[in-house]
Amino acid sequence: MLEEILAGGANALGICLPEEAPERYRAYYDALSKANRQFNLTAIEGEEQTARLHFLDSLAVLKYAALSGKRVVDVGTGGGLPGLALKLAEPGLDLTLLDATEKKVAFLAELTERLGLPCVCLCGRAEELGRAPEYRERFDVAVSRAVARLNSLAELCMPFVKVGGHFLAMKAADSDSEIAEAETALVKLGGRLADIREYTIPGTDIRRRVVIVEKTAPTPAAYPRRWAAIQKRAL
Ligand code: SAH
């Protein structure tokens, strides 16, 4: 079932999955379900929901961004979404999965090793790691889903991106006001709103968006601020 939904959905999105993908998504699904019984990893459960709302939603990013061989960081990855779902489709991705919760990062480290898909699994707060020289402006792409409003999220993600790279925010289709509210923040952080691409998750009537921000200038040293400041005075 999971396998059929993914195959059909990937086809509808125009994405070609590698030969090993079905069994890897199955193993990923099994690991997510098992971990979910031990701690709260995701509210989405069951094969169909997971295949559509997690895996196919993540895969839609590949329609709009060629990620093969790119250095990508998934900020606030949780159970590995969208990052690990993308890596199963594009095993050549140089992927860093970042989250503040130790249990989630430990889950991802164990799983990616077992799948034979090496990723950097990084535990820490994005606003702190984004100041560290080894991570600042070192990624071609920062991607993120369901972490924060776009103005705050941009402050967490943009510092990781190299000039010339991209920040991809996965958002609901009704995000016009959120995007408008973030426009000054994007500019202050060295970005330019490049595109907004809308899609339907295959097999559902759920409309979603990838907000594509190009990094055109270095992020000023003042950013990212501490989380309390980001929330109190959004850019
Ligand atoms: N991206 C996943 C998880 C969303 S839940 C998905 O779409 O399913 C939000 C996740 O972001 C949580 O796992 C939380 O630990 C993490 N998070 C929130 N703020 C963070 C921060 N400042 N730095 C790092 N991780 C953060």
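Q: Is Arg 209 buried or exposed?
A: Arg 209 counts as buried in this predicted model, with a relative accessibility of 8%.

Q: Which residue does the side chain of Arg 209 meet in a salt bridge?
A: Asp 176, with an N to O distance of 2.9 Å. Asp 176 is in helix H9 (residues 176-188) and Arg 209 in strand S7, so the bridge ties together parts 33 residues apart in sequence.

Q: And Asp 176, buried or exposed?
A: Asp 176 is exposed, at a relative accessible area of 53%. Salt bridges with shared partners put Asp 176 in one network with Glu 198, Arg 207 and Arg 209.

Q: Moving to Arg 208, which salt bridge does Arg 208 form?
A: Arg 208 pairs with Asp 57, and their closest N and O atoms are 3.3 Å apart.

Q: What else does Arg 208 touch?
A: Leaving out residues up to four places away in sequence, its contacts include Arg 145, Met 170, Lys 171, Glu 198 and Tyr 199.

Q: How many salt bridges are there in the whole structure?
A: The search finds 19. One of the salt bridges joins the side chains of Arg 71 and Asp 94, at 3.9 Å from N to O.

Q: Where do Arg 71 and Asp 94 lie?
A: Arg 71 is in strand S1 (residues 71-75) and Asp 94 in strand S2 (residues 94-99). Arg 71 is partly exposed at 25%, and Asp 94 is partly exposed at 36%.

Methods
Residues numbered from 1 in each chain as written. Predicted model: local features only at pLDDT ≥ 70, side-chain atom pairs only at ≥ 80, totals over all residues. Heavy atoms only, no water. Contact = heavy atoms within 4.5 Å. Salt bridge = Lys/Arg side-chain N within 4 Å of Asp/Glu carboxyl O. Helix = DSSP H or I, 4+ residues; strand = E, 2+ residues; numbered from the N terminus. Buried < 20%, exposed > 50% of the residue type's maximum accessible area, 1.4 Å probe, protein only.
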